[in-house]
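Here is a short briefing for a first look at this structure. Keep the sequence and the 3D view at hand while reading.

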Amino acid sequence: MIPDSSHSEKIILICSERFGFMANQNHRILMVSDFFYPNFGGVENHIYYLSQCLLKFGHKVVVMTHAYGNRSGVRYMTGGLKVYYVPWRPFIMQNTLPTFYGTLPIIRTILIREKISLVHGHQAFSTLCHEALMHARTMGYRVVFTDHSLYGFADVGSIHMNKVLQFTLADVSQAICVSHTSKENTVLRSGLPPQKVFVIPNAVDTAMFKPAPERPGSNEIIIVVISRLVYRKGADLLVEVIPKVCRCFPNVRFIVGGDGPKRVRLEEMREKHSLQDRVEMLGAVPHAQVLPDDMVVLAEPDPGDMVLAIRKAISLLPKIDPQVMHERMKKLYNWHDVAKRTEIVYDRALECPNQNLVERLSRYLSCGAWAGKLFCLVMIIDYLLWRFLELWKPAEDIEEVPDIVLPCQSDGVSLKDCSEDQCLR
């Protein structure tokens, strides 16, 4: 039984009983993505904080990503989180060059060495994620995929990405989306059955973001934007919105954190409208987020509608108590709740029956008249290469690594008993 009687944990308990399992068995998880520290962003933070809390619950978590500069090989992070920085260099936007089969040997070795039971891939843009999930399914591992973003359907890039996603998710055990809108988007793009997609929102580290004890004396209003400055995140809208808001409200100042190809347009806008003293560009910064109706003002992706939404938000400011808002955020979006709900997805994935190659190929054939046959060919080759590696270097010849025992565990205290501060520090 889950001891706490909070609302979120009651939901978890009910879900566990409904599906016929309890979220208490220990897992050995490999998190895979091209996006991880020292790079900063939402996906990177999600993987790190989720991993830390899963470690706290007694699971083993290993992260696999590509090398960053001179950071290559095996590194250890807080809480005993082990990270494999494989010697692949990013090709574009921190993504590695697609190799299809080039990563199979090292992924197989990591899975065997760490005695992994489940692979969790993150982000549809990550080449490494797609290849790891493909190889893991070939080897019979259960896999979970988390989609962190929304994508379109009309432009060439989105069409290509949606077909890749359809290939990867054709044989995925379970999937996670960070909002109900994201779930609809992912199901439409990939053709994945909705019942295989869970919605688990992102969380906020409320220990790091706290309101000031007292309201500032001046009437200055600071609007903070934290985002990758790319088209799909709406950076182009900022170029039109910021000058209009600054004209309407002389006491408003903007702070823009993040980097990306659209940063140049924002800096040009700042120069053109002489807003250097009212728009501060921070560049890439460490570390943000779906809220209740009374905590957010929504707008259509149109500059005029966004200006109206900002105007409404500014008018609501005097009625808001920052401390009360912060306490609500702590209860609504915390990483412990996210990790507990993710445990249930892992349990559900491990309950999925393991199918042979012929049964799995039928899923890929349903991806399209030509694409389905191509996907089948890719998987058949992957299977043959895996069988060859099994003969060339049998699994019993790969040394399994011992698990790290942390000080709190060696003293007879499980990681579950460590404090939340230790979990997130």
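This is a predicted model: local features need pLDDT of at least 70, side-chain atom pairs count only at pLDDT 80 or more; totals for chains, interfaces and linings use all residues.

Start with helices α5 and α13, where buried residues of α13 pack against α5, among other helices. Then turn to the charged pairs, which include two salt bridges made by D236.

**Helix α5**
- Helix α5 runs over residues 156–169 and has 14 residues.
- Its first and last C-alpha atoms are 20 Å apart, close to the 20 Å expected at 1.5 Å a residue.
- Its buried residues are S158, M161, N162, L165, Q166, F167, T168 and L169.
- Their cover includes α4 (127–138), β8 (142–147), α6 (180–190), α12 (357–365) and α13 (371–392).

**Helix α13**
- Helix α13 has 22 residues and reaches 31 Å from its first C-alpha to its last, close to the 32 Å expected at 1.5 Å a residue.
- Buried here are A371, G372, F375, C376, V378, M379, D382, W386 and L389.
- These residues span an arc of only 160° around the axis, so they sit on the same side of α13.
- The other side of α13 carries the exposed residues K373, L384, F388, L391 and W392.
- The buried residues pack against α3 (104–113), α4, α5 and α12.

**S149, a loop residue**
- S149 is in the loop between β8 and α5.
- S149 counts as buried because its relative accessibility is 6%, under the 20% cut-off.
- Beyond its neighbours within four places in sequence, S149 contacts Q123, S182, N185, R189, R232 and K233.
- The C-alpha atoms of S149 and Q123 are 7.5 Å apart, though 26 residues separate the two along the chain.

**Salt bridges**
- Side chains of opposite charge can pair when their charged atoms come close.
- The count is 16 salt bridges.
- D236 pairs with K262 at 3.4 Å, N to O.
- That pair links D236 in helix α7 (residues 235–248) to K262 in the loop between β12 (252–257) and α8 (263–272).
- D236 also forms a salt bridge with R265, with the closest N and O atoms 2.5 Å apart.
- R265 lies in helix α8, so this pair ties together parts 29 residues apart in sequence.
- D236 is buried at 16% relative accessible area, whereas R265 is partly exposed at 36%.
- Within helix α8, E267 and R263 lie four residues apart, about one turn, and their side chains meet at 3.1 Å, N to O.
- R28, K60, K82, E114 and D403 are linked in a salt-bridge network.

**Nonpolar surface patch**
- F91, I92, M93 and L97 form a nonpolar patch with about 450 Å² of accessible area together.
- I92 lies in strand β5 (residues 90–92) and counts as exposed at 52% relative accessibility.

Technical notes. Residues are numbered from 1 along each chain as its sequence is written. Side-chain values use heavy atoms; hydrogens and water are left out. Helices (H or I, at least four residues) and strands (E, at least two) are DSSP runs, numbered from the N terminus. The expected span of a helix is 1.5 Å times one less than its number of residues. Buried means under 20% relative accessible area, exposed over 50%, partly exposed in between (1.4 Å probe, protein chains only). Contact means heavy atoms within 4.5 Å. Patches are made of residues with over 30% relative accessible area and no salt bridge: like charges are joined within 9 Å, nonpolar side chains (Val, Leu, Ile, Met, Phe, Trp, Tyr) within 5 Å. Accessible areas come from the Shrake-Rupley method with a 1.4 Å probe; for residues, only the protein chains shown count as cover. A salt bridge is a side-chain nitrogen of Lys or Arg within 4 Å of a carboxyl oxygen of Asp or Glu. The arc is that of the directions from the helix axis to the C-beta atoms.
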